[in-house]
Amino acid sequence: MPTFVKIEEGIVDKPTFDRYIPAHKEYVRQLIAKGHKARSGYWQGLGGGMLIFEASSWDEAKAIVAEDPLIKNNCVTYKLHRWCIVVQ
């Protein structure tokens, strides 16, 4: 399956952002359980973060991102990219 990357930047204060982190973590766990090989993390000292995952198509990738609690609750802006891996 193709690999996709959501690069995000926080747009709310930390207390608001932190309120949705447990739901985001659970969402990522569900993606893993469904076989999307998802990983999520943040940039130390910079704010923002990244979600990397596999999806069968661009449309599925967009749908996955749309269901992320950080997106649904307007905590981040993001850019979605298909990552073309050249060395594994």
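## Helix α2 and its packing

The buried residues of α2 pack against β1 (3-10), α1 (14-33), β3 (49-54), α3 (69-72) and β4 (76-83). Packing here rests on contact, defined as heavy atoms within 4.5 Å. Helices (H or I, at least four residues) and strands (E, at least two) are DSSP runs, numbered from the N terminus. This is a predicted model, in which local features need pLDDT of at least 70 and side-chain atom pairs count only at pLDDT 80 or more, while totals for chains, interfaces and linings use all residues. Residues are numbered from 1 along each chain as its sequence is written, and side-chain values use heavy atoms, with hydrogens and water left out.

Helix α2 spans residues 58-66, and its buried residues are Ala61, Ile64 and Val65. They cover an arc of only 95° around the axis, which puts them on the same side of α2. The arc is taken from the directions that run from the helix axis to the C-beta atoms. Buried means under 20% relative accessible area, exposed over 50%, and partly exposed in between (1.4 Å probe, protein chains only).

## The largest pocket

The largest pocket has a volume of about 440 Å³. A pocket is an open set of points on a 1 Å grid over the protein atoms alone, where a 1.4 Å probe fits, with protein on both sides within 12 Å along at least five of seven lines; lining residues have an atom within 4 Å of a point. Grid points are joined across faces, edges and corners, and the volume is the space filled by probe spheres set on them.

Twenty residues line this pocket, and Phe17, Ile21, Gly41, Tyr42 and Gly48 lie nearest its centre. The elements that give two or more residues to the lining are β1, α1 and β2 (39-42). The largest share, eight residues, comes from α1.

Thr3 lies in strand β1 and counts as buried at 10% relative accessibility. Beyond residues up to four places away in sequence, Thr3 touches Ile52, Phe53, Glu54, His81, Arg82, Trp83 and Ile85.

Trp43 belongs to the loop between β2 and β3 and is partly exposed, with a relative accessible area of 34%. Leaving aside neighbours within four places in sequence, Trp43 is in contact with Glu8, Gly48, Gly49 and Met50.

## Cysteines

The structure holds zero disulfides, a disulfide being a pair of cysteine sulfur atoms within 2.5 Å. Cys75 is buried, at 0% relative accessible area, whereas Cys84 is exposed, at 59%.
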